[in-house]
Amino acid sequence: MTDKIRIATTSLAGCFGCHMSFLDIDERLLELIQHVEFDRSPLTDIEHCGPCDIGLIEGGVCNSENVHVLREFREHCKILVAVGACAINGGLPAMRNFVPLEDCLNESYMTGIGIENPQIPNDPELPLLLDKVRPIHEIVKIDYFLPGCPPSADVFWKFLTDLLAGQEPSLTYELLRYD
Ligand code: SF4
């Protein structure tokens with residue numbers, strides 16, 4: 001039996017920059033892993049999120065698979081956290097929201113500069129794109145939001161250590177950033 005806090009993480013329509021920032025807590029990771037264990041995350045080989053205390057979600061929702069993964073996290077995580085600008089407001093991937101999806105696909109695969117063998121990918125294995133990139137709180141209930149692109153390592157550290165201490169997470173003004 002373990003009394004460690006179980007954490008799952010995933011990147012939806014994100015760049016893994018938020019995950020990299022999390023790892024920037026550097027040697028504090030050694031202290032953290034005395035108190036937490038990881039479920040589904042880039043650090044493990046676990047394919048599906050199981051019962052967890054905390055789910056950290058990077059990236060917005062751009063396709064049907066993102067919706068499925070996000071709902072699975074919501075179902076299994078007691079606390080679900082939107083990590084970074086992309087999860088909170090769609091971020092950079094949401095720039096495509098200003099262009100109709102059909103035009104995006106045509107430009108990317110049919111008419112763009114340097115394209116050879118133009119064809120829009122249609123393999124049934126590929127997840128269907130949503131018409132727009134959505135922030136994750138439009139799909140499921142989110143408990144906490146960590147702003148920034150990415151949130152700093154100190155934000156992750158303060159947020160998680162507050163939770164581990166049984167306290168309501170509180171981020172100081174200095175830790176909050178929106179770029
Ligand atoms: Fe990458 Fe920034 Fe989006 Fe995080 S918020 S996934 S660092 S673009």
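Q: Buried means under 20% relative accessible area, exposed over 50%, and partly exposed in between. In this predicted model, is N97 buried or exposed?
A: N97 lies in the loop between α4 and α5. The relative accessible area of N97 is 18%. Because the limit for burial is under 20%, N97 counts as buried.

Q: Which residues does N97 contact, leaving aside its neighbours within four places in sequence?
A: N97 belongs to the loop that runs between α4 and α5. Heavy atoms within 4.5 Å define a contact. With neighbours within four places in sequence set aside, the partners of N97 are K132 and V133.

Q: What accessible area do L92, M95, F98 and V99 have together?
A: These four residues form a nonpolar patch on the surface. Together, L92, M95, F98 and V99 have an accessible area of about 490 Å².

Q: How far apart in space are the C-alpha atoms of L92 and G59?
A: L92 is placed in the loop between α4 and α5. Along the sequence, 33 residues separate L92 from G59. In space, C-alpha to C-alpha, the separation of L92 and G59 is 9.5 Å.

Q: What distance separates the C-alpha atoms of Y109 and L92?
A: Y109 is in helix α5, whereas L92 is in the loop between α4 and α5. The two residues are 17 places apart along the chain. Between the C-alpha atoms of Y109 and L92 the distance is 20 Å.

Q: Which residues are in contact with Y109, leaving aside its neighbours within four places in sequence?
A: Y109, a residue of helix α5, is partly exposed at a relative accessible area of 36%. Once neighbours within four places in sequence are excluded, Y109 is in contact with I115, P118, Q119, I120 and P121.

Q: Which helix holds the salt-bridge partner of R28?
A: R28 pairs with D154, the closest N and O atoms being 3.0 Å apart. R28 is in helix α2 (residues 28–32) and its partner is 126 residues away. D154 is in helix α6.

Q: What N to O distance is found in the salt bridge of D131 and R134?
A: D131 is partly exposed at 45% relative accessible area, and R134 is partly exposed at 27%. A salt bridge requires the nitrogen and oxygen to be within 4 Å. The side chains of D131 and R134 meet with an N to O distance of 3.1 Å.

Q: Which elements do the buried residues of α6 pack against?
A: α6 has 12 residues and reaches 16 Å from its first C-alpha to its last, close to the 16 Å expected. Its buried residues are A153, V155, F156, W157, F159, L160, D162 and L163. These pack against β1, α1 (17–23), α2, β3 (52–58), β5 (77–83) and β7 (144–146).

Q: Which element gives the largest share of the largest nonpolar core?
A: That core has 21 residues, of which F22 and V81 touch the most other members. The elements that give it two or more residues are α1, β2, β3, β5, β7 and α6. The largest share, seven residues, comes from α6.

Notes: Residues are numbered from 1 along each chain as its sequence is written. This is a predicted model: local features need pLDDT of at least 70, side-chain atom pairs count only at pLDDT 80 or more; totals for chains, interfaces and linings use all residues. Side-chain values use heavy atoms; hydrogens and water are left out. Patches are made of residues with over 30% relative accessible area and no salt bridge: like charges are joined within 9 Å, nonpolar side chains (Val, Leu, Ile, Met, Phe, Trp, Tyr) within 5 Å. Accessible areas come from the Shrake-Rupley method with a 1.4 Å probe; for residues, only the protein chains shown count as cover. Helices (H or I, at least four residues) and strands (E, at least two) are DSSP runs, numbered from the N terminus. Buried means under 20% relative accessible area, exposed over 50%, partly exposed in between (1.4 Å probe, protein chains only). The expected span of a helix is 1.5 Å times one less than its number of residues. A nonpolar core is a set of buried Ala, Val, Leu, Ile, Met, Phe, Trp, Tyr and Cys residues joined through side-chain atoms within 4.5 Å.
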